[in-house]
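Subject: Structure for handover, with interface notes

Hello,

The structure is below. My notes on the contacts between its chains follow.

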Amino acid sequence: MRPAVLTGEHYITGDEACAEGAMAAGCMFFGGYPITPATEVAEHMSVRLPEVGGTFIQMEDEIAAMASIIGASWAGQKSMTSTSGPGFSLMMENIGLAVCTETPCVVVNVQRAGPSTGLPTMGAQGDMMQARWGSHGHYEIIALSPSSGQEIFNQTITAFNLSEKYRVPVLLMTDEVIGHMSEKVVIPNASEIRTISRPKPKGRKDRFKLYQPAENGVAPMPSAGDGYKIHVTGLTHDERGYPVMTVEAQAEMTDRIVRKIRDNRHDIIMTDSYNLEDAEIILVSYGISARTSLAAMHMARSSGMKVGFLKLNTIWPFAEEKIAELAQRARAFITVEINYGQIHLEVMRSATGRADCHLVGHAGGTVITPEQVMAKIKEIY
Amino acid sequence: MVAKADSTPSEQVHPLDHLIRTDRIPHIWCTGCGIGTVFSSCLKAMISSGIDLEKTCMVSGIGCTGRGAGYLNLDSFHTTHGRAIPFATGLKLGNPNLNVIVFSGDGDLFAIGGNHFIHGARRNIDMTVICVNNLIYGMTGGQVAATTPVNAKTTTTQSGNPDAPFNLPLMAWASGATYVARWTMLHIRELTACIEKALTRSGFSFIEVLAPCPTNYGRRNREKSLETLRLYRDKTIIKNNADPSELDVDFQKGVILGEFVDRERPTCIENYDRTCRAF
Ligand SMILES: Cc1ncc(C[n+]2csc(CCOP(=O)(O)OP(=O)(O)O)c2C)c(N)n1
Ligand code: SF4
């Protein structure tokens with residue numbers, strides 16, 4: 001029997017790194033359904049969770065998988081699921097339930113090319129907008145995007161921490177390429193891994209209100225069986241958690257679930273900057289395409305072009321302030337992503353016309369090459 | 001109402017009041033609706049069973065019946081349409097010490113949620129599923145359900161339902177439920193006893209309760225509330241251990257009530273411990 005944290009150097013796939021990240025973060029429940037290219041996350045969790053007393057269950061579909069992790073979260077467990085496009089679509093209604101009921105949980109989407117069944121074994125980054133608002137209604141959500149096995153491991157832990165801290169589902173948007181690629185992943189000592197658990201209520205149980213926010217906008221969360229007699233509903237509800245069918249209650253509740261993310265965006269939004277100081281052209285990218293972009297930036301620099309790179313680790317909420325600031329100094333942005341322009345549109349929106357915005361993208365099935373990015377840099381430099 | 005002899009009406013306390021979120025009353029259920037009776041039978045059984053109520057949760061889907069969870073003054077979850085069972089599965093597996101009750105409608109549990117029911121029963125997850133079967137979609141205004149009798153009028157089958165309804169106990173039995181019973185909301189004593197039994201035994205227990213929806217079923221099918229209750233009295237046959245294949249709901253033929261299945265099988269958690277957690 002192995003411990004939750006497998007300290008050491010490993011040569012594993014991104015999907016396995018994701019599972020190990022979840023274990024290190026304290027995940028104790030996984031409800032899933034097999035789908036290429038995410039299946040290995042579930043397979044690995046099915047072996048690992050019982051080793052630490054946790055529970056793995058393969059549910060009858062992704063709708064059930066998503067429902068089960070919300071239930072497990074209210075039972076007090078850190079919980080997760082993993083899927084790819086078609087399953088991500090099926091999870092959407094219950095992702096909304098988790099948003100509305102402020103339930104911490106992690107959903108991993110190892111993206112493949114769509115629409116529909118698409119290219120099951122080949123990567124893409126076409127679900128970024130679905131991650132933003134794929135469930136109905138207006139809300140804020142957190143989505144992260146790692147670009148290597150090591151980052152998948154690290155960001156899975158971050159995903160759990162953010163979901164527990166802000167009581168929101170966190171979407172980890174990886175892709176087939178990094179999910180299936182084997183790379184070196186270093187797992188540190190357990191004592192060096194920072195994990196966060198949801199805030200627990202204190203004080204009198206009879207005065208407790210389920211959605212009364214603390215200072216950071218997030219309400220403490222009891223578990224079922226703790227004696228708080230909670231009522232949890234996906235209907236519009238007041239601070240007690242009771243359904244209230246009024247315009248005012250709708251505004252108050254939506255405000256809370258939106259504000260707790262927006263007001264804490266500086267804690268949530270993570271980016272890495274490369275050569276931005278003097279950059280005339282800035283590449284913006286994430287996930288596997290971040291690696292393409294970094295290579296392209298080095299190629300451009302070695303031929304004397306002032307190209308920088310902004311790597312987005314957090315996709316949602318979007319780093320719009322960062323882009324707006326860069327738009328004052330740079331001449332143009334090139335967004336590099338495996339779709340026909342999703343985050344590209346966000347960059348355009350954030351640049352508010354102060355810098356030209358270009359896209360290097362395609363429909364999916366393979367990565368974008370640094371040469372393709374270079375061609376665009378040369379074209380506009 | 002049970003009142004202290006010397007109390008005024010405003011001081012009267014119903015014996016189930018402590019289990020009800022009285023600050024949420026009035027409830028949404030129509031006059032003549034059968035759901036409330038089933039709900040209070042469930043509350044009575046929860047008390048008489050002696051289970052630890054602090055560790056007891058109710059999970060509902062969406063529908064008139066699904067509003068049940070919202071009135072229970074215990075940990076309660078009102079989830080998405082059809083998904084009460086998978087939600088409850090996560091809750092139970094996440095904390096096996098919880099007693100989990102699913103309280104929902106026939107549309108919720110057997111149309112949109114039918115697949116989850118089958119798999120919950122197959123896995124023998126330790127939970128009690130109570131289905132209020134009013135033969136219709138009540139909440140959305142009376143559309144055809146998977147339980148609507150052939151030829152019955154609904155807003156989406158205005159010339160009569162062309163399709164055959166499910167036999168729910170048969171499905172529960174075939175899927176592997178370890179306890180299966182059916183009553184009507186008129187058979188309150190038997191119903192309460194069966195719920196009590198289901199709550200104290202382990203495994204996947206299923207109880208179907210026929211209950212009238214005068215607003216959306218009765219009205220369109222020329223069946224007043226009282227007439228439905230008369231059918232429940234005159235056109236039902238109590239037959240414990242009946243063959244599940246005889247259990248169609250057909251009041252012309254007579255509807256069989258009783259306790260049909262009571263068998264032992266390892267639960268989902270017992271099986272998981274034995275096969276996956278034994279190192
Ligand atoms: C995904 C989804 N589809 C449809 C609905 C609309 N809807 C709400 S309740 C319901 C049916 C309720 O019928 P039943 O489960 O039999 O419960 P009853 O109201 O009769 O108690 C429907 C279709 C919904 N809420 N969610
Ligand atoms: S519509 Fe029917 S099921 Fe719903 S509360 Fe009214 S009588 Fe009951």
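In this predicted model, 36 residues of chain B are in contact with 42 residues of chain A, contact meaning heavy atoms within 4.5 Å. The two chains bury about 3200 Å² between them, with 57% of it on carbon and sulfur atoms; buried area is the accessible area (1.4 Å probe) that two parts lose on being put together, summed over both.

The rule finds two salt bridges across the interface (a side-chain nitrogen of Lys or Arg within 4 Å of a carboxyl oxygen of Asp or Glu). One of the two joins A:R240 and B:D23, at 3.6 Å from N to O.

On the chain B side, helix 2 (68-71), strand 2 (75-78), helix 3 (84-94) and helix 5 (114-123) each supply at least two of the residues that touch chain A. Helix 3 of chain B gives the most, with seven residues. Helices (H or I, at least four residues) and strands (E, at least two) are DSSP runs, numbered from the N terminus.

Strand 2 of chain B also pairs with strand 10 (residues 231-233) of chain A, in the parallel sense and over three bridges; pairing requires at least two DSSP bridges between the strands. Within this pairing, B:S76 is the bridge partner of A:H231.

Residues are numbered from 1 along each chain as its sequence is written, and chains are lettered from A and ligands numbered from 1 in the order in which they are written. Local features need pLDDT of at least 70 and side-chain atom pairs count only at pLDDT 80 or more, while totals for chains, interfaces and linings use all residues; side-chain values use heavy atoms, with hydrogens and water left out.

Regards
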